[in-house]
Amino acid sequence: MNRHSRPHPLFALLAATSLSVGLLSLPVPAQAAPTAQTQAALPVENAVLTDPPMVPPAITRKTPAKVIVDLEVQEFIGTIADGVQYNFWSFGGVVPGKFIRVREGDSVEFHLKNHPDNKSPHNIDLHAVTGPGGGAKASMTAPGHETTFSFKAINPGLYIYHCAAPPVPMHIANGMYGLILVEPKAGLKPVDKEYYVVQGDFYTKGAFGEPGLQPFDMQKGIDENPSYVLFNGSVGAMTGDKAITAKKGETVRLFVGNGGPNLISSFHVIGEIFDLVYTEGGTDANQKNVQTTLVPAGGSAIVEFKVDVPGNYILVDHSIFRTFNKGTLGILTVNGEAQPDVFSGQQSDKIYQAQPMNKAPVKPVAAPDLKVMSSGQNLYVANCSACHQTDGAGMAGVFPPLAKSDYLMADKLRSIGVVLKGHSGKIQVNGQGYDGEMPAMSHLNNEQVASILTYVRNSWGNKGDSVSAEEVKSVRAKMAK
Ligand SMILES: [Cu+2]
């Protein structure tokens with residue numbers, strides 16, 4: 001039997017509290033507002049909401065206000081990767097949801113609208129809320145309804161918000177999360193650029209990149225085995241012409257969140273050091289000079305850094321398979337003049353003559369077949385020794401040595417190519433330059449080339465593995481293309 005067909009008891013508990021209460025009592029009668037009198041004195045404003053990666057402007061007010069937040073839940077089919085669609089659920093039609101910015105001490109009047117075309121009831125649990133469920137039960141909203149609740153933003157900090165309608169993990173996995181910043185009374189120090197980045201893990205029936213509309217995979221979610229781990233809801237949401245940008249010398253502040261639902265992020269920007277980290281989104285900029293900061297599922301971090309050198313800086317989760325195989329990659333492009341005293345770029349690339357390493361070989365090389373060795377020797381004498389000499393020593397400056405040849409031993413497939421194709425042009429063998437012409441030995445068949453090279457790679461002090469006719473064949477096939 002399917003493991004998740006019988007719901008966990010917690011599900012029943014949640015259903016009995018938030019969902020059923022929310023649904024059965026819909027429309028929820030507006031609760032008498034106990035703070036109506038005090039609120040009446042506050043100036044009223046509408047919150048500025050932004051799509052990722054943008055952040056609303058800093059709050060310049062010095063006194064509290066009543067801030068109205070209007071957020072509409074939208075279920076929509078969007079692109080999760082090139083050629084791959086997913087049925088996202090969202091706060092405001094974007095994943096992560098709209099960025100909300102209020103000030104410590106503000107009274108927030110929250111309006112949650114559930115679009116009539118949606119199929120599921122939804123709600124919102126804001127981690128910035130002090131009160132049961134973070135507002136989840138108070139905001140349970142059926143499709144085609146709008147609910148309202150109010151809270152006072154007592155604690156400053158950067159908080160995740162998310163849907164908490166059952167099944168909760170599925171709503172979160174579908175993209176129902178975002179960030180709300182409660183600016184401290186004194187404000188945040190002004191910086192040049194602010195951006196909004198949220199990581200999330202996604203569970204599709206198909207593997208990463210498998211095209212078409214991909215359904216949600218509950219079992220992969222339970223197993224914590226995502227097909228995608230993404231910044232801002234899709235592969236490429238922050239690359240190419242969607243990369244975030246800054247100018248050399250500017251200070252960048254990233255509001256980083258992690259919607260989860262499962263994974264913890266080891267957030268890192270390749271080639272930068274965070275000058276300042278507000279660990280876990282608290283208001284104490286408690287850490288200086290940090291390479292990688294943890295962002296818990298359902299948590300956040302604020303990082304700040306000055307960009308001193310132009311170029312592309314890659315945002316990653318340093319659990320690095322996620323970056324290379326599951327999509328966790330964003331780019332910050334820094335424009336400006338080069339800064340060679342801070343970073344020079346590559347200054348040279350030359351051949352490095354090293355002593356052989358006296359490490360024990362990891363994989364013992366099988367002794368070459370004696371028959372192969374002796375036929376290889378005969379063929380070598382007939383075809384190669386005129387130039388490379390019977391003892392493989394070559395002739396200084398004219399014919400490169402094969403005995404103890406670093407060039408020969410470094411790359412088996414390349415040496416097959418040299419024999420089949422010949423070689424001309426500059427070449428370095430054991431530190432000595434050669435610029436001669438070796439004729440293509442195309443009259444030799446695969447077997448013969450294999451035995452010659454097996455002999456050469458195991459004579460005069462050379463020690464290497466055998467060359468098979470199969471390998472020669474595949475090099476020959478590649479050449480033909
Ligand atoms: Cu929801």
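This is a predicted model: local features need pLDDT of at least 70, side-chain atom pairs count only at pLDDT 80 or more; totals for chains, interfaces and linings use all residues.

Trainee: Which residues are the protein donors of the copper ion?

Mentor: His122 (ND1), Cys163 (SG), His171 (ND1) and Met176 (SD), lying 2.0 to 2.5 Å from the copper ion. Donors are N, O and S atoms within 2.8 Å of the metal (3.2 Å for Na, K and Ca); water is not among the atoms, so sites may look incomplete.

Trainee: What is the arrangement of the 4 donor atoms?

Mentor: Irregular, because the angles they subtend run from 87 to 135°. Four donors count as tetrahedral if all angles lie between 85 and 135 degrees; four count as square planar and six as octahedral if opposite donors are over 155 degrees apart and all others between 65 and 115; anything else is irregular.

Trainee: How are the donor residues spaced in sequence?

Mentor: As H-x40-C-x7-H-x4-M. Cys163 sits in the loop between strand S8 (157-162) and helix H3 (168-173), and Met176 in the loop between H3 and strand S9 (177-183). Helices (H or I, at least four residues) and strands (E, at least two) are DSSP runs, numbered from the N terminus.

Trainee: Is Cys163 buried or exposed?

Mentor: Buried, at 0% relative accessibility. Met176 is also buried, at 0%. Buried means under 20% relative accessible area, exposed over 50%, partly exposed in between (1.4 Å probe, protein chains only).

Trainee: New topic, helix H6. Which of its residues are buried?

Mentor: Met373, Gly376, Leu379 and Tyr380. They cover an arc of only 135° around the axis, which puts them on the same side of H6. The arc is that of the directions from the helix axis to the C-beta atoms.

Trainee: What do those buried residues pack against?

Mentor: Helix H7 (385-388) and helix H10 (446-456). Contact means heavy atoms within 4.5 Å. On the other side of H6, Leu370, Lys371, Asn378 and Ala382 are exposed.

Trainee: Now Arg253. Where does Arg253 lie?

Mentor: In strand S14 (residues 251-260). Arg253 is buried, with a relative accessible area of 1%.

Trainee: Which side chains make polar contacts with the Arg253 side chain?

Mentor: Glu194 does, at 2.7 Å. Glu304 does too, at 2.7 Å. A polar contact is a pair of N or O atoms within 3.5 Å; within protein, one must be able to donate a hydrogen and the other to accept it, and residues adjacent in sequence count only if both atoms are side-chain atoms.

Trainee: And Ile100, buried or exposed?

Mentor: Buried, at 0% relative accessible area. Ile100 is found in strand S4 (residues 100-103). Beyond its neighbours within four places in sequence, Ile100 is in contact with residues including Leu49, Phe110 and Tyr161.

Trainee: Last, the backbone. Which residues does a cis peptide bond join?

Mentor: Pro166 and Pro167, with omega about -10°. Another cis bond joins Gly260 and Pro261, with omega about 15°. Most peptide bonds are trans.

Trainee: What is phi of Asn430?

Mentor: About 50°, positive although Asn430 is not a glycine. Asn430 counts as partly exposed, at 36% relative accessibility.

Notes: Residues are numbered from 1 along each chain as its sequence is written. Side-chain values use heavy atoms; hydrogens and water are left out.
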